[in-house]
Number of protein chains: 6
Amino acid sequence: MYSLTIRRHAFVAHALKREAFGPARNLHGVTLIVDAEFQAQELDANNTVMDVVRASRILKDVLAEFHYKNLEENPALAGEITTMEFLARRIHDGIAARSANRFRGRLKITVRESPEAWAAYEGEVTAKPRPGRKRA
Amino acid sequence: MYSLTIRRHAFVAHALKREAFGPARNLHGVTLIVDAEFQAQELDANNTVMDVVRASRILKDVLAEFHYKNLEENPALAGEITTMEFLARRIHDGIAARSANRFRGRLKITVRESPEAWAAYEGEVTAKPRPGRKRA
Amino acid sequence: MYSLTIRRHAFVAHALKREAFGPARNLHGVTLIVDAEFQAQELDANNTVMDVVRASRILKDVLAEFHYKNLEENPALAGEITTMEFLARRIHDGIAARSANRFRGRLKITVRESPEAWAAYEGEVTAKPRPGRKRA
Amino acid sequence: MYSLTIRRHAFVAHALKREAFGPARNLHGVTLIVDAEFQAQELDANNTVMDVVRASRILKDVLAEFHYKNLEENPALAGEITTMEFLARRIHDGIAARSANRFRGRLKITVRESPEAWAAYEGEVTAKPRPGRKRA
Amino acid sequence: MYSLTIRRHAFVAHALKREAFGPARNLHGVTLIVDAEFQAQELDANNTVMDVVRASRILKDVLAEFHYKNLEENPALAGEITTMEFLARRIHDGIAARSANRFRGRLKITVRESPEAWAAYEGEVTAKPRPGRKRA
Amino acid sequence: MYSLTIRRHAFVAHALKREAFGPARNLHGVTLIVDAEFQAQELDANNTVMDVVRASRILKDVLAEFHYKNLEENPALAGEITTMEFLARRIHDGIAARSANRFRGRLKITVRESPEAWAAYEGEVTAKPRPGRKRA
């Protein structure tokens, strides 16, 4: 099994509004260091899992939802508890939506908020049926 | 699959008393940088694999057996060869014993002794039957 | 010349409200990784620049002004542009105020917001005249 | 499952001669930071996955094909596109060839060319039939 | 004293053609991780040593001479021994030439070729007399 | 000003036998990550501060006093409080004694015991009068 991993970061403000989170209930911020690991059984004709520049651009595009933002002002996240685990899953699904016609396989997203704590989500990226076309 | 990882360190003296270990047979010491990765299929109601503060405290409690200690003076380790692999397993089992009523799933422990070498143990944490109660 | 350095981090939200800062004008957040380097010409009777536990506690106390906070809500920072450089200076002065009766010498604070950018402030910590006592 | 990982580096020149690689088509160079992770279900009699000194030496021997070399001058690599993924596989197979009589299990090679991008190959190391002996 | 540091990397091929360099006489390559530290006594009106985006762009522009290049093919470097120390100095002077009308002060360049070895050059950046204008 | 830095590590057991050190009074151990920074005003004929292989070997030789050792059994250290600051000074002086006929200038030694704490000593390396020869 092969993999290719790209790292980028995002500067994010948020608040974890549950009793359990103690001081993290306050509006505060984190530098998220995000690794996107694309996994494949075989390499393509260029001996790559995926083009490294394209992979980096997709990750950049997906992180644009968070980078230099306050997640509390994002209507799409209203009511969500934006833990590292949640963000790893959301980044995973964002990349899957953007790359599914070019990449199929497992994708693992790791989100680091400090040198002492990080979270990850790993799941399958599958081809999407094209809109407007039925699968009989 | 989700995971949450916590990192802490411990300052440990030990000796690896086998011919094969060369100079490591001497009493010497290492800074163990220990990562505990808790894995789960689903998130809990707080969108976490586990509470990060609790996870950090469990790891701290388990490392207390080693931190600022000489393993050669620990009767529970008498006769053991305390390699990184052995310590990873022992930390795994220590965390499992402390967290099994709150966490079930795979747990991976990585133990780093230098920037050039590390070891890991990964295994399942399962619920323990409560003492004094039979399972029919 | 000797030095002792302690590292801790803080989770901070802020906004840099000047045209020049582009997207950083938005409310966003950063993990600040902060190094406090205490410098001394000579060691004390314990062969240390300063007690490592005390140094870590002082840094923790000073970072409490920022950790898990939104700097925009802090009246003491109203109107300030809270760049890394500014924060390095403020942390420096906070440590100086707390440690001046125990530590005199140069103190360098480094503040990292990402793996690609950091800032520092270095200056002298001098003894403060005790309040209520004049120096003739 | 246990694992032991060894890290070494190699200084390599190469060129990726395909349209898709843009400026990487030029002859340029990279520091490859290589992690070799040996995985095993059980520990040996010394409580190790493998002897750490031997593992490091095997990795060193395999990297000698690349270290301080220009891959474009290596006949064995003529016509190959020497991406990180390709090199991870080649290092995997080189270690497998050297260690198969001592190590059997999964082996994962990670190759880092910068703090922002890395690739890996993971596969089984199996015992080789001895030359000159047929498998009926 | 304040400072701001920016980190970028470059992928470089070269050969150190002197007896003393042993295997480094071969054409080989390195990932140069380059830190540019701008030092200033006072902050500007934005509470910065220098604009972080501009600093990063200047460093990128200067590294373009090396990134994805073979230094042996650069006529401007003909006959030079392109050690890390030499490259640190050259990057310093390149930044000085580009930034002297905006930045005056000390500039320190650190060049890392591996996790085990790095070099630096530190010197003053001074204003250049504009061409065609005499200083009486 | 130029510098060249070499990093190596050592596995050390010791005890800090003073009330002030709390649990560090126990015999325990640390991985010391040691940086030796050689500083020079000018480069030599090879465009280096010092030969990198020689510098690494000198550091290795000096660390041999500590690597895989228990400092409490070293008669030369009897009665010493072997803090990071003390060890940085001792390593400095050891390197100075071995390199003074080849290197003159400032030498800075940094000793890291964890990702959260490190110490340094910086001082001049000067030529030693040869034994048996007077300076009039």
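Me: How many aromatic pairs are there over all chains?
Reply: Rings of Phe, Tyr and Trp (its six-membered ring) pair if their centres lie within 6.5 Å; planes under 30 degrees apart are stacked, over 60 edge-to-face, the rest tilted. This is a predicted model: local features need pLDDT of at least 70, side-chain atom pairs count only at pLDDT 80 or more, and totals for chains, interfaces and linings use all residues. Residues are numbered from 1 along each chain as its sequence is written, chains are lettered from A and ligands numbered from 1 in the order in which they are written, and side-chain values use heavy atoms, without hydrogens and water. Over all chains, the count of aromatic pairs is 18.

Me: Stacked, edge-to-face or tilted: what is the pair of Tyr121(B) and Tyr2(D)?
Reply: The ring centres of Tyr121(B) and Tyr2(D) are 4.6 Å apart. Their planes meet at 50°, so the pair is tilted.

Me: Why does that pair join two chains?
Reply: Helices (H or I, at least four residues) and strands (E, at least two) are DSSP runs, numbered from the N terminus. Tyr121(B) sits in strand S5 (residues 117-125) of chain B, and Tyr2(D) in strand S1 (residues 2-14) of chain D. The pair therefore joins chain B and chain D.

Me: Are Tyr121(B) and Tyr2(D) buried or exposed?
Reply: Buried means under 20% relative accessible area, exposed over 50%, partly exposed in between (1.4 Å probe, protein chains only). Tyr121(B) has 10% and Tyr2(D) has 6%. Tyr121(B) is buried, and Tyr2(D) is buried.

Me: How many residues apart are Phe38(F) and Phe103(F)?
Reply: Phe38(F) and Phe103(F) make an edge-to-face pair, 5.0 Å centre to centre, with 85° between the planes. Phe38(F) is in strand S2 (residues 28-40) of chain F, Phe103(F) in the loop between helix H2 (84-99) and strand S4 (105-114). Phe38(F) is buried at 0%, and Phe103(F) is buried at 3%. The pair links distant parts of the chain, and the separation is 65 residues.

Me: Over which ring face does Arg112(A) lie?
Reply: A charge sits over a ring if NZ of Lys or CZ of Arg is within 6 Å of the ring centre and within 35 degrees of the ring normal. Arg112(A) is at 4.8 Å from the ring centre, over the face of Trp118(A).

Me: How many salt bridges does the whole structure hold?
Reply: Side chains of opposite charge can pair when their charged atoms come close. The cut-off here is a side-chain nitrogen of Lys or Arg within 4 Å of a carboxyl oxygen of Asp or Glu. The search over all chains gives 48.

Me: Which parts of chain E does the salt bridge of Lys17(E) and Glu72(E) tie together?
Reply: The closest N and O atoms of Lys17(E) and Glu72(E) are 3.4 Å apart. Lys17(E) lies in the loop between strand S1 (2-14) and strand S2 (28-40), and Glu72(E) in the loop between strand S3 (69-70) and helix H2 (84-99), so the bridge ties together parts 55 residues apart in sequence. Lys17(E) is exposed at 60%, whereas Glu72(E), at 32%, is partly exposed.

Me: Which backbone oxygen lies 2.9 Å from the side chain of Asn47(B)?
Reply: Asn47(B) is in the loop between strand S2 (28-40) and H1 of chain B. At 16% relative accessibility, Asn47(B) is buried. Its contacts (heavy atoms within 4.5 Å) beyond four places in sequence include Glu80(A) and Phe86(A). The oxygen 2.9 Å from a polar atom of that side chain belongs to Ile81(A).

Me: What area do chain B and chain F bury between them?
Reply: Buried area is the accessible area (1.4 Å probe) that two parts lose on being put together, summed over both. In the contact, 20 residues of chain B meet 20 residues of chain F. Carbon and sulfur atoms carry 67% of the buried area, which is about 1600 Å².

Key. A polar contact is a pair of N or O atoms within 3.5 Å; within protein, one must be able to donate a hydrogen and the other to accept it, and residues adjacent in sequence count only if both atoms are side-chain atoms.
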